[in-house]
Structure formats: C-alpha cells, structure tokens
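Please open the structure in your viewer and follow the stops below in order. Each stop states what to select and what is found there.

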Amino acid sequence: MTDGSTADGVIITPLWPPTGVALSCLLLLGLRIWPGITLGVFLSIVTIGPFRATDVGILAGNTLAPVCAYLLLRRVGFRIALDRLRDGVALVFLGALTGMLISASVGTAVLTLSGRLPAGSVWPTWSAWWTGDAMGVLVVTPLILVLRRARLPLPRDPRRWAEAGALTVTAFVVVPVATRSPLCLLFLVFPLLIWAALRFQLAGAAPCALYVSVLAITAAIDRVGPFAHHSFVEVMIGLQALNGSAALTALLLAAIVTEQRNIRHKIEQACLELAEVVTHLAPPRHGHHTRE
C-alpha cells in the first residue's frame, strides 16, 4: 500500500521500500531526522495526486509508524549489526509487524472516514497497506544496514570469490525460473536463501531476499507463472506469503549464523587469553643435576 491516495481510491503495492528507508535512517542517525520522514511522505502523496486536508492523518500515521518502530527497537537494545538472533526477531516482530500497524490503521481509517474508501474494501486495503509497509522494513532495512558496514578490501580468498560468483549466477538463473515458471517452482528460492545466509550471512541473504521479492512482484503484476489465472486477492495472498517467508528465512538464519560465529570467536579468544595466563603463571623448569 502506498502511503498516499489518488482521487478515486488508493494505490496498493506489496512492497513499500520508503518505510524500510525511514526506519534505517532512524536507526543510523537518530530521532532527530523525523521531519525528513514527514517530508518524504508528503512528497510521495503529492506525486500521486492533490494533497487534501484529510491527508494530514496519513502524513502523521506514516511518520509515527517508523518512529514508534525505532523506539520499540531501542527499548529492547536492538543492535544495528544484526549479529544476534534477538535482533532479527526484534526487527521482525517489533520493527515490521508491530510498528507498521500504526500506518495501516491510521491511513485506512482516514480514507474510510473521508469517504474515499468503500466500506467493503477496508479489510483488503488495511492488510495490503500493513504487509506492504512491513515488507519494506523486512527487505530494505537489513540491506541498508549491511551496505553501511561494507568496507574494502573485500575477502581475498579466491574460493570465497568463486562461491560468491556461483551464488550470483545461480540466483540470476533460479529466481526468474521459480517466479515465472507455470510449474509452481517457488520453493526453489529457499535453498538459495539458505545458501546465502549460511555462507555470507546478512551480506548475502539481504540482497537475495530483495531480488526474490522484486522478481516475485514483477511476476505477480504480469500475472505469469504461479500467479497466472488467479484473482487479485489470491495473487496478493500468495505473493505476501512468499515475500514474508523469504525475508524471514534470510534475516533470521543469517542472524543465527552470525551469532554462532561471534560466540565461537569469543570462545577462541578466551582460550588464547587463558593459555597466555597459564604460560605466565607456570613456574620455570630447572634442569636436573647429578652428583659425580
């Protein structure tokens, strides 16, 4: 659901990236940038149609949603490194699913009370708005947080480069086939996401999840592959199920692997420090002398 409206109704989209961008900016820069989020929402509304007095409610709702999501995440000690399972779970359930209830509820209420949304379309509109904003957080926010940490030089191990290249080529082959084949092969994207998360953590899983989501949305718009010959509601349900499952798989599995690697690294460091302490405490060995 876009955060705006047209003269006759609303525009629905299964993925609204600006919510992910807004939450990322709050996590990286702090609460002081909220006026920029309000300005962005305003610009998105006026590009769709004329700004009306009732759109102030949509403006407020779509500003409050990422702000409240940010406050909830900060409350539970969220770390932008996303290197713990608890951070991944918090982003899913507090940042995406809970925080975006505000924008969907306020926006749908404003459109309904102003007479711009028929009573029979309230639930489909609310659900599409909520899932679109939530998917923006699940797909876009991890990617931005990963790009922030990207540094050169990259790993010099030729095998890592070869594996990254193989993953990229496989993604470019498998995902279009899975999302456009009439044989219902959508399940093929999950081994790819698991591979990316296990071997490259969030740096590999986040771009793969975004790529899967974009190609699935494109296939749904074109009504091809598994999305052909279905009603609009059926297409939306199938698309959101795929996007949500892909994002959760990539994010949570990457967080689990990263956390386990960090724990192993800390254990190794502790063993090395303990070995040094034992070495310093051990008494010096003296040679044995025999009497003649």
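**A tour of helices and contacts**

Begin by selecting Leu-39, which is placed in helix H2; helices here are DSSP runs of H or I with at least four residues, numbered from the N terminus. The model is predicted, so local features need pLDDT of at least 70 and side-chain atom pairs pLDDT 80 or more, while totals for chains, interfaces and linings use all residues. Residues are numbered from 1 along each chain as its sequence is written, and side-chain values use heavy atoms, leaving out hydrogens and water.

Helix H2 (residues 34-48) contributes the most, four residues.

Now select Asp-55 and Arg-116, whose side chains meet in a salt bridge (3.2 Å, N to O). The term denotes a side-chain nitrogen of Lys or Arg within 4 Å of a carboxyl oxygen of Asp or Glu. Asp-55 lies in helix H3 (residues 55-75) and Arg-116 in the loop between helix H5 (100-113) and H6, so the pair ties together parts 61 residues apart in sequence. The structure holds five salt bridges.

Methods:
Helix = DSSP H or I, 4+ residues; strand = E, 2+ residues; numbered from the N terminus.
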